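Colleague: Please take a close look at one part of this model and describe it together with the elements it belongs to.

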Amino acid sequence: QMFKGFEKLKDVQYVYTPFDSSLCGVKLEANNKKQYLLTGQILSDGKVLIHLCNYIEPWDDLSWSQKKSLNQRYQMGCGCKVS
């Protein structure tokens, strides 16, 4: 799990999205335990929101270079926590 924003939110239990794609809602496969790279925003009430305009990609579809960058390079010079 990698999460940038720990200064705003310590733990993420739920990620919210609009109801359907016509409202930019995201459909994720949850039954097969697929892993995703999700980007989104933290709302003022503490909810994490994702929608179709965010970058959302199945982890297995990322290139080796993208995965390496997310786990190492992108952390350099940023205040995010990578685990």
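Modeller: L38 is partly exposed, at 34% relative accessible area; here buried means under 20%, exposed over 50% and partly exposed in between, with a 1.4 Å probe and protein chains only. This is a predicted model, in which local features need pLDDT of at least 70 and side-chain atom pairs count only at pLDDT 80 or more, while totals for chains, interfaces and linings use all residues. Residues are numbered from 1 along each chain as its sequence is written, and side-chain values use heavy atoms, with hydrogens and water left out.

L38 belongs to strand β3, residues 36–38 (helices, H or I of at least four residues, and strands, E of at least two, are DSSP runs numbered from the N terminus). Together with V15 and L28, L38 forms a nonpolar surface patch with about 210 Å² of accessible area. Such patches are made of residues with over 30% relative accessible area and no salt bridge; nonpolar side chains (Val, Leu, Ile, Met, Phe, Trp, Tyr) are joined within 5 Å, and like charges within 9 Å. Areas come from the Shrake-Rupley method with a 1.4 Å probe, and for residues only the protein chains shown count as cover.

Strands β2 and β5 (residues 48–49) run parallel and are joined by two bridges, and two strands count as paired if DSSP finds at least two bridges between them. The sheet is open, has three strands in the order β2-β5-β4, and shows mixed pairing. Its edge strands are β2 (15–16) and β4 (41–42), each of which pairs on one side only.

The loop between β2 and β3 holds C24. C24 is not a glycine, yet has a positive phi of about 70°. Most residues other than glycine have a negative phi. C24 is partly exposed, with 29% relative accessible area.

The structure's one salt bridge links the side chains of E29 and K34 at 3.3 Å, N to O (the criterion is a side-chain nitrogen of Lys or Arg within 4 Å of a carboxyl oxygen of Asp or Glu). E29 is partly exposed at 43%, and K34 is partly exposed at 33%.

As for the whole protein, there are one helix and seven strands, in the pattern β-β-β-β-β-β-α-β along the sequence. Of its 83 residues, 19% count as buried. The accessible surface comes to about 6500 Å², and 52% of that belongs to carbon and sulfur atoms.
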